[in-house]
Amino acid sequence: MKTPVQTLLQGDRLRLVCKVEGVNGGLSIAWQRKSAQSPVYTSIISLSESGVTEKAEAFASREVRVTRTSTKSFVFELDRVAPSDAGTYRCDVSETQNNGKTLSQSVNVNVNSIGTDVELMCKVLNHRIPVTLTWSLKTDDSNLNTILVLYSNGSISWSGDQHRYQVTVNNRADTVMHYLKILAASHREAGVYQCEVSVFLDNVHKKLPPSNPLKVMVQNPGNADT
């Protein structure tokens, strides 16, 4: 049987229904996904026979859920999909009794982008001094949200939606260039971006003046006047 296809726009909610027949007793379900770049399925979320939901760590910050709408019907939902969410989704429904059978269903999901990648740059002079760099976003509702903190030892602490951003560092002779890439920017990522550097000198953390603010605006497709 040919695998069905569902096509969404970036920012839409993905909703998949898994219906099973020929199974009895207690049932549990697990949803998995594989991308075009990987032949391996990775876990998203599961629902046990007793109704306990468990999300994979990679989806801990995502609005994802699975519900049992009838005896043999399950619904999977993932909010605000991005092009990176495209791939083949599979539900595995298992009988929890001994020697119980497992039934699987798959669907190919395409996500069309309504935005383009945006790359922001933060230039730090004198790379010989260890620095901690913070990227932040001020949204239209005036909330200041930390996206990530890049520490002097190279570790990163993410506060924003990690799958929406990429960060790279380029060391040069007398400067360090920090780049923040917004992947397929949507209205959710619109706002004013800034980077801020702090240094550790004389046993004291000192914040340097923040970068100039840079406003990122996202237009609706075919609506160039907004």
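Trainee: Before we start, what are the ground rules here?

Mentor: It's a predicted model, so local features need pLDDT of at least 70 and side-chain atom pairs count only at pLDDT 80 or more, while totals for chains, interfaces and linings use all residues. Residues are numbered from 1 along each chain as its sequence is written, and side-chain values use heavy atoms, leaving out hydrogens and water.

Trainee: How many helices and strands does the protein have?

Mentor: We go by DSSP runs numbered from the N terminus, with helices being H or I of at least four residues and strands E of at least two. On that count, the protein has zero helices and 18 strands.

Trainee: Is Asp85 buried or exposed?

Mentor: Asp85 sits in the loop between strand S7 (73-78) and strand S8 (87-95). Buried means under 20% relative accessible area, exposed over 50%, and partly exposed in between, using a 1.4 Å probe and protein chains only. Asp85 has a relative accessible area of 5%, so call it buried.

Trainee: Which residues does Asp85 touch, not counting those up to four places away in sequence?

Mentor: A contact here means heavy atoms within 4.5 Å. With that cut-off, Asp85 touches Arg33, Arg62, Leu78, Arg80 and His163.

Trainee: And Ser106, how does that one count for accessibility?

Mentor: Ser106 is in strand S9 (residues 102-112), and touches Thr3, Pro4, Tyr41, Thr88, Tyr89 and Arg90, not counting residues up to four places away in sequence. Its relative accessibility is 30%, so Ser106 counts as partly exposed.

Trainee: Which residues lie nearest the centre of the largest pocket?

Mentor: A pocket is an open set of points on a 1 Å grid over the protein atoms alone where a 1.4 Å probe fits, with protein on both sides within 12 Å along at least five of seven lines; lining residues have an atom within 4 Å of a point. The largest pocket is lined by 16 residues, and nearest its centre are Ala58, Phe59, Arg62, Gln162 and His163.
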